[in-house]
Amino acid sequence: MKNCFIGAAIGAMIATGLHAEEVLPTNVAFNDGAIEQSLSGAPGDPNNGRIIVGDKGQGNCVACHEVTDLADVPFHGEIGPMLDGAGDRWSEAELRGIVANAKIMFEGSMMPSFYKTEGFIRPGNAYTGEAADDTFGPLLSAQQIEDVVAYLVTLKEE
Amino acid sequence: MKKLTGAILATVFTTTLASAEPVDDTLILNEETPIVTRTAAPAHLSDALDEVLSGWLFRGTETRAMQSDDFDNPGMIFVEQAMEAWETADGTAGKSCSSCHNEIESMAGVKPTYPKWDENAGSVQTLQMQMNECRTERMGAEAWGYDKGPAINMEAALSSVSRGMPVNVAIDGPAQSAWEQGKELYYTRTGQLELSCANCHEDNYGNMIRADHLSQGQINGFPVYRLKNTKLNGAHSRFKGCIRDTRAETYAPGSDEFIALELYVASRGNGLSVEGPSIRN
């Protein structure tokens with residue numbers, strides 16, 4: 001009986017613990033545009049991050065940025081700077097801040113805020129042209145942001 | 001004109017990857033009418049842009065060539081249909097457009113001034129609204145749906161007889177408040193992507209956004225025949241698509257917001273030639 005209780009209590013602690021480690025979009029703490037702490041509480045997967053950066057349906061970062069490492073993905077845009085060497089220019093915390101909400105690092109930036117859920121004008125339901133409904137969430141999840149950051153860190157000039 | 005359609009539509013359009021800059025090319029329509037595709041920006045815009053450029057300059061070689069000759073321009077097939085409608089009686093009064101307006105060529109010079117203030121209506125009217133006023137109040141006919149086939153075809157016909165004339169919409173006097181509203185909309189960053197028209201079409205024209213070569217988003221070429229959907233498209237429908245692509249709740253064609261936006265965007269092209277029906281991707 002006693003053991004059962006302890007087991008359940010530990011289980012609950014782990015569950016709440018995990019939950020507390022995922023930072024909600026409305027709770028992100030920026031420090032000079034950077035975010036020190038992982039948003040998901042778990043490490044990022046650079047391979048998945050690479051896919052997100054090139055995928056039209058996910059980050060679609062190549063719509064605006066050229067990335068030599070993603071030469072296999074067609075059509076890179078030229079709105080923002082080339083991302084080659086981003087891992088040299090910025091720390092992991094800075095990259096996390098830029099991807100989550102670039103407008104804090106670069107005032108008025110055209111780059112979308114990927115981890116933000118408030119403050120939009122006429123937010124829509126994805127690309128339908130209809131108003132947003134209660135399924136509205138950030139452009140990328142906490143773990144997707146971590147994956148993208150883990151990938152960007154690997155972009156070093158030889 | 002019709003006999004050429006099949007050949008035109010069967011052509012496979014190869015996507016020429018555009019370089020960053022608009023091309024250095026001149027458009028002469030049917031080897032006789034020069035079309036102004038780049039000119040000094042109108043005074044109200046001179047703080048933001050030196051030059052205004054037609055979307056024609058941002059399209060590939062084949063697309064540009066198709067627009068230079070009416071026999072190659074698939075948009076002209078829809079103009080032909082509208083020319084027939086112009087002569088055809090419709091509605092309870094038994095009248096056609098030509099009953100009152102004679103030849104459609106008499107409409108040369110009308111399109112470049114729209115949208116414009118209408119004293120009787122007490123508001124800014126687009127060309128489609130003016131056409132519907134004639135249909136409902138003078139012909140006893142039903143209004144055409146906004147940007148729908150018959151309306152967009154007639155708008156293209158009215159545009160075609162004004163090609164080569166400079167866009168010249170009035171932005172002051174009673175039209176000013178709608179113009180201000182349109183300007184506000186143009187610079188508002190909408191949707192989850194928080195992008196304004198200006199982000200793409202003022203700050204980044206000439207740049208690639210993914211596979212698209214960004215133009216200034218001018219409407220001197222509207223209605224536009226798009227290779228993508230092989231029909232004529234209205235300016236409001238284009239605005240709707242661009243706003244939707246910012247992950248925003250968009251506005252409807254014919255709405256007050258789009259009337260105001262059309263007036264403002266048209267005014268950014270004051271001085272460019274009327275080109276519609278033009279051809280775009």
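Is B:Ser68 buried, exposed or partly exposed, and what is its relative accessible area? B:Ser68 comes out as partly exposed, with a relative accessible area of 22%; here buried means under 20% relative accessible area, exposed over 50%, and partly exposed in between (1.4 Å probe, protein chains only). Keep in mind that this is a predicted model, where local features need pLDDT of at least 70, side-chain atom pairs count only at pLDDT 80 or more, and totals for chains, interfaces and linings use all residues. Residues are numbered from 1 along each chain as its sequence is written, chains are lettered from A and ligands numbered from 1 in the order in which they are written, and side-chain values use heavy atoms, with hydrogens and water left out.

**Around B:Ser68**

- B:Ser68 sits in the loop between α2 (61–67) and α3 (75–87) of chain B; helices (H or I, at least four residues) and strands (E, at least two) are DSSP runs, numbered from the N terminus.
- Leaving aside neighbours within four places in sequence, B:Ser68 is in contact (heavy atoms within 4.5 Å) with B:Leu27, B:Ile28, B:Leu29 and B:Asn30.
- A polar atom of the B:Ser68 side chain lies 2.7 Å from the backbone oxygen of B:Ala65.

**Where chain B meets chain A**

- The contact draws on 37 residues from chain A and 27 residues from chain B.
- About 2,600 Å² is buried between chain B and chain A, 55% of it on carbon and sulfur atoms; buried area is the accessible area (1.4 Å probe) that two parts lose on being put together, summed over both.
- B:Gln192, B:Arg210 and B:Arg247 supply 33% of the area that chain B buries against chain A, more than any other three residues.
- Two salt bridges are counted between chain B and chain A, a salt bridge being a side-chain nitrogen of Lys or Arg within 4 Å of a carboxyl oxygen of Asp or Glu.
- The side chains of B:Glu194 and A:Lys116 meet in a salt bridge, at 3.0 Å from N to O.
- The side of chain B that touches chain A has, by class, eleven nonpolar, nine polar and seven charged residues. Ala, Val, Leu, Ile, Met, Phe, Trp, Tyr, Cys and Pro count as nonpolar, Asp, Glu, Lys and Arg as charged, and the others, Gly among them, as polar.

**Helix α5 of chain A**

- α5(A) is mostly covered, with nine of its twelve residues buried.
- Those buried residues pack against α2 (46–54), α3 (86–89) and α4 (92–105) of chain A.
- A:Leu152 belongs to this helix and is buried, with a relative accessible area of 7%.
- A:Leu152 and A:Ala86 are 66 residues apart in sequence, yet 6.3 Å apart in space, C-alpha to C-alpha.

**Salt bridges within the chains**

- Over all chains, the structure holds 15 salt bridges.
- A:Arg50 pairs with A:Asp72, the closest N and O atoms being 3.3 Å apart. A:Arg50 is in helix α2 of chain A and A:Asp72 in the loop between α2 and α3, 22 residues apart.
- A:Arg50, A:Asp69 and A:Asp72 are linked in a network of salt bridges.
- B:Arg38 and B:Glu51 meet at 3.1 Å, N to O. B:Arg38 lies in strand β3 (residues 38–40) and B:Glu51 in strand β4 (residues 51–53) of chain B, so the pair ties together parts that are 13 residues apart in sequence.
- B:Arg268 forms a salt bridge with B:Glu202, with 2.7 Å between the closest N and O atoms, and both residues are buried.

Definitions and conventions:
Polar contact = N/O pair within 3.5 Å; in protein donor to acceptor, adjacent residues only side chain to side chain.
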